[in-house]
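The following note comments on the coordinates supplied for review.

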Amino acid sequence: MTDTTYVSARAGTRSTGQRLGRIALRAGLYAVLILFALWYLMPLFVMLTTSLKSLEEIRTGSLVALPREITFDAWKTAWSGACSGIKCEGLRPYLWNSVLIAVPGVALSTLIGALNGYVFAQWNFRGANLLFALLLFGCFIPFQVVLLPMARMLGILGIAGTIPGLILVHTVYGLGFTTLFFRNYYVTIPHELVRAAKIDGAGFFRIFWSIFLPLSLPIIVVTVIWQFTQIWNDFLFGVSFSQSGTQPVTVALNNIVNSTTGVKEYNVDMAAAILAALPTLLVYVVAGKYFIRGLTAGSVKG
Amino acid sequence: MKMKHLFVATTALSLSALPVLAEPQAEVLHWWTSGGEAKSVAVLQEEFAERGGTWTDMPVAGGGGDAAMTALRARVLSGNAPTAVQLKGPAIQEWYEEGVLADISSVAEAQGWADVLPAQLAEHMKCDGTWCAAPVNVHRVNWIWANKDILDQNGIEMPTTWEEFNAAAEKLQAAGVTPLAHGGQAWQDATIFETVVLGKGADFYQSALVDLDPEALGSDTMVEVFDEMRTLRGYVDDNFSGRDWNLATAMVMNGEAAFQIMGDWAKGEFLAAGKTPGEDFLCGATPGDGYLYNVDSFAMFDVGGDDDKVAGQELLAELIVGPSFQETFNLNKGSIPVRSDVSLDAFDICAQTSAEDMAADAEAGSLLPSYAHGMALRGEPAGAITDVVTAHFNSDMSSQDAVQMLTEAVANAM
Amino acid sequence: MSNWLEKQVPKVVLAPTFAAILIFVYGFIGWTAWVSLTGSRLMPRYEIEGFGQYTKLFATPRWDTAMNNLFIFGALFIIIAMVLGLLLAIFLDQKIRTEGAIRTIYLYPMALSMIVTGTAWKWILNPGLGIEATVRGWGFENFTFDWLINPDMAIYTIVLAGVWQSSGFVMALFLAGLRSVDGEIIKAAQVDGIPTHRIYSAIIIPSMAPIFLSAFIVLAHLAIKSFDLVIALTGGGPGYATDLPATYMYAMAFSRGNLGQAASSAMIMMLVVFAIVVPYLYSELRSKHD
Amino acid sequence: MAPILDIQNLRKSYGQTEILKDINVAIEPGDFLVLVGPSGCGKSTLLNCIAGLEPITAGRLTIAGKDMTEVSPKDRDIAMVFQSYALYPTMTVAKNITFGMKVRGVDQATQDAKLKEVSELLQISQLLNRKPGQLSGGQRQRVAMGRALVRDPALFLFDEPLSNLDAKLRVEMRTEIKKLHQTLNASIVYVTHDQIEAMTLATKIVVMKGGVIQQIGTPAEIYNTPANLFVADFMGSPAMNLIPARVHRDGHGHRIEITRARSEPLVLADNRPLDLPQDVIIGLRPEDIAEAGYRSGEAVQQAPCMVDMVEPAGADTYVVSELGGKPVTARLHAETSAMAGQELDLAFDLGKASYFAPETGERLN
């Protein structure tokens, strides 16, 4: 209390010139922030306006201008009419595949990551650090490297080209980061909690379930956002480990956007791109607030 | 009751005794995803379905088939190969050497492919003497497409030598027209390059880009080729980088540019936009004698004795080479049928020219596989050459340096 | 006896993960190392032929370009994203009224894959369509912004788009860091009459060292794995001026049919990763042990 | 009666470093054992070993007659109160207290009854629906104790439970714990670094240093007859005065000669039947040095001493004087007229004096 009064008292004695300077500074600050906001929004703006234009207008007008006449045809086409190969069903069927891959993939990698992080943070044993280091290093392996051996492995396991196969791949390569997130979060929780619960008679899983999991909301949000974005946006695994009928939305989007012959329907491309990205965008917008909070809650504290 | 039991029993017996009638199935991996191509594939699918087959579509677009090849490799390694795959050129033989291709000789022989396919093209479909792929079409790569109006306005004829082309280009440039529409993608650079090489003679093309003769690659003629490339670079507008080929075609169509050097799939764009060959646009072979072909084909992968899939492969192979699909597909695609017995009456003047030239060039020994489209060389040396070509085209590298790099890169890739 | 079993539970819980990374990470790295010593082309073959692939790799100018690009891109991308992220975080930390909205705007690019935004970026950066054309349209005829088509500058467009995508995330990390700095220290400094910029440079930023480390690791990971970015924006062009090791490797493996070469380039990439990550892991796990 | 807790030859090491060396302790039912020592002495490790939270390297440990050496914490019939209270942050107070019973499958009615009983005993009934984050330090302390009490274990373990409280609350809670011990007649092992807590609470004190037990005894034994210099110095506040001295034997007993920097040596007589070597360290509690005239008895001897410092502490006033090169504290009555820089007659009561060997630090009498 005293500190603030002191500071405000000092501020009160400032001259008008200084106050004007402060206001100018403040205005400058907002200007910079808004300028950057515009920069970040620019591609989305281009995509959105293009998706609302007719092909005719795209051909004749400036790409970065606002649409003269708004039409949602492109969105309809992208949703249910755009062709990917001989099927012209738009993105709709593929979106469902992505959901079938992303939801279990996120859930599994988050749950296993949480358990791993819980072990690394609270049940340390000899050699655990080495294990953790090995796991972290795994985060950095370029995915192009693992494509072929992974394909062979999926074949051996008999889940090549299936959705469970893709879930497995995403779970395995997500574990490094999910474990890191949870471990860094759980190390901030005092060990005494585990000890108290042990004496209360709770075992490993009971302690995790009753005590740690209820504490984990902030970090779960961070992990889910991260994993969902990674899995939903993946193209490389999706194209390599899927077959007809299990292709995720990014592969369909690629088929629509990257077709090299015929008239390019840019408005449909853009609408399709936004549609494909909508779930992740939504997650960021809705959960963004918790994202920062979750990061603050400990995952970044080294 | 007894009767019924007996009936069931005999039926079951007779079924197991007779050869099982397979239901043809095919999962087809291809990258024909755009509107026109997809429609052509749909024709095949309909014919397939009419004959009782089940078609599973597996389109993977992007990077001229790169993404599809990635998927293919993963599928083969996982022991879950697609039934049929869009594959062409020496890549067919490469896959054969990996021991993953199926033999479709029985279909080929039954259908008499050897009689209807030009011998040189048929060789591409064979692996160790057996048939392992079914050809779809023949694209000619060395075409120049031109906007007729622009040429007329500036009093220019279709060039028949590179000197003429350069002169025309200077004139157009002076008139404020972009002479050459081009997209800055490696394969498009390579396409121009191979037509320029062909301009130096079919023999030179053969020794440089098919036989990879180091002497030809390091020759003064090759220096001239790069000189011409540098000249051509000057005729391209500034925004060419990364442009898709069909956008370049659109520039010719809309009168923003005069020429485009591109295979005959470009014609599909003109036709789709309602343009007429000879009236709105012109097609001409690039300067020099010779015919660079690019044959699309489907290879059949080993499906481990699955009767339904084997039946699917045989049916598919039969349909692909069958006259009806050959005609429908190629009318859509801009290419010409690979069968020599399909009537070309329905085809336009450019396609007819293409077919005549092919026959003539086959006689003259100047029917040559396109390197830029993976018909002449295996992936590695072809890629090494393209690296040099595109690096030269997109920088101010001297022709001498380019030739030096070319010989080194090819040696390194052998 | 049951006590012994109970003690094994944590290890049992880690066992599947451990088995998975042993196979799916280290097994595969081993596989890659093996293949890099063979003459594998279209498909893997397992007869060892020696280090020929590595000799070839280092003799390939395109690989040189790719490695150079990795260092240029990596350094610029990490530095700019960090500096920008930190600055934006500090600006946003000044009790900004619309913080929530601005934060979301800064953060959203991370949600989008480059497959989605690639086309838009290509347009924006294309001199004939995007920024250059627009600014010229405003009457500044001499304005040029043609990095995308300039082989010497194209790599910087990759940096630009990369920073666009990741700096918001870094901003979030730093913002979280700023929020968790002990408020009393700042108050104490204010009372001492220390100017705001000095408070940041001398007190707050040094106390966020772990976050710099986290941000660095996330960014390094993105830089090394950058693939979509290049494919979507330039496809490696003009020429191969914007090739990165990841795209080089991909081209070798999947369009050139030269798996052995791809594997050798992957191993070199892995060495680079190793050189960056291992010191970090070492310091990270050392300091954590007590 | 069988000991409720019996530790025999317990050893504990992490790798090469031995944390606990040959620990032997036993307590009877109803005992309040306090483990006291400076930080790092191994007292908390020992408590964790008793709880089963740390495995022991060697030795044997029985609780209520049963060998618990290899038994997991939950089966040891113990309850523990932690320094940080370790309340489960997402559970309400009631759930915190009943969690252990719930885990063990105790039926709801019993849980409710126990909860009611304990919360009334600890006066936290009004807090049951709050979460730990909404409680004050003292309240959390009570909840943590409630969680232990509700279990009704054979043995209670307390790990520095009062160290996070402010001074006033600490004293209050100390009394409370003592009261609980008396009402419940519970057996308790209690770890603290605060020797006053140890003295006030314990029926038995274990003083530890460097993983070794220094002395086991009742508070009085520890206070009056510390086993070595460490215990003498550690227990008691202000600490025992430990003064180097030279011993001369005479007919009656010993004369203790203490040098002084600014005056003649001080010579005191101890006529108890002792056998002391020539060089000793004499230990005198501050209360055994008084202002002349305020203390009488057979062993009381007076001498003028220079006052270096006067520290009024309310009930008492402490006076510091130099003896044997050490500042020696005397505990005087509050109304003393002593002033720094003046001489004052002090009365030394040697009836309770301790003697230690300078080399080993061991007690000599």
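Predicted model: local features only at pLDDT ≥ 70, side-chain atom pairs only at ≥ 80, totals over all residues.

1. Chain C contains 13 helices and 0 strands. Its pattern, followed along the sequence, is accordingly written α-α-α-α-α-α-α-α-α-α-α-α-α. The C-alpha trace of chain C extends over about 80 × 70 × 30 Å along its principal axes. Chain C has 290 residues, of which 50% count as buried. When contacts in chain C between residues at least 6 apart in sequence are considered, 68% of them join residues at least 24 apart.

2. For chain D, the mean pLDDT is 90, and 100% of the residues reach 70 or more.

3. The contact between chain C and chain A draws 79 residues from chain C and 73 residues from chain A. On the side of chain C that touches chain A, the element that gives the most is helix 1 (residues 2–36) of chain C, with 16 residues. By class, this side of chain C comprises 54 nonpolar, 17 polar and 8 charged residues.

4. Within chain A, attention may be given to A114(A), a residue of helix 5 (residues 92–122) of chain A. Is A114(A) buried or exposed? A114(A) is buried, because 24 other C-beta atoms lie within 10 Å, and the cut-off for burial is 20 or more. Once neighbours within four places in sequence are left aside, A114(A) is in contact with F182(A) and S216(A). A further pair to inspect is A114(A) and F212(A): they are 98 residues apart along the chain, yet a separation of 9.3 Å is found between their C-alpha atoms.

5. In chain B, the geometry of helix 10 (residues 186–199) can be checked against expectation.

6. The domain assignment divides chain D into domain 1 (5–234) and domain 2 (241–356). The C-alpha centres of these two domains of chain D are 39 Å apart. Contact between them involves 7 residues of domain 1 of chain D and 6 residues of domain 2 of chain D. Helix 8 (residues 229–234) of chain D, with 3 residues, gives the most to the side of domain 1 that touches domain 2. That side of domain 1 of chain D consists of 3 nonpolar residues, 3 polar and 1 charged.

7. Chain D also holds an open sheet of 4 strands, in the order 2-1-4-5 and with antiparallel pairing. Which strands of this sheet are the edge strands? They are strand 2 (17–27) and strand 5 (66–67) of chain D, each of which pairs on one side only. Strand 1 (residues 5–14) and strand 4 (residues 58–63) of chain D pair in the antiparallel sense over 5 bridges.

Terms used. Residues numbered from 1 in each chain as written. Chains lettered and ligands numbered in written order. Contact = placed C-beta atoms within 7 Å. Helix = DSSP H or I, 4+ residues; strand = E, 2+ residues; numbered from the N terminus. Nonpolar A, V, L, I, M, F, W, Y, C, P; charged D, E, K, R; others polar. Buried ≥ 20, exposed ≤ 12 C-beta atoms within 10 Å, placed from the backbone. pLDDT = per-residue confidence, 0-100. Expected span 1.5 Å × (residues − 1). Domains from an automatic or database assignment. Pairing = 2+ DSSP bridges.
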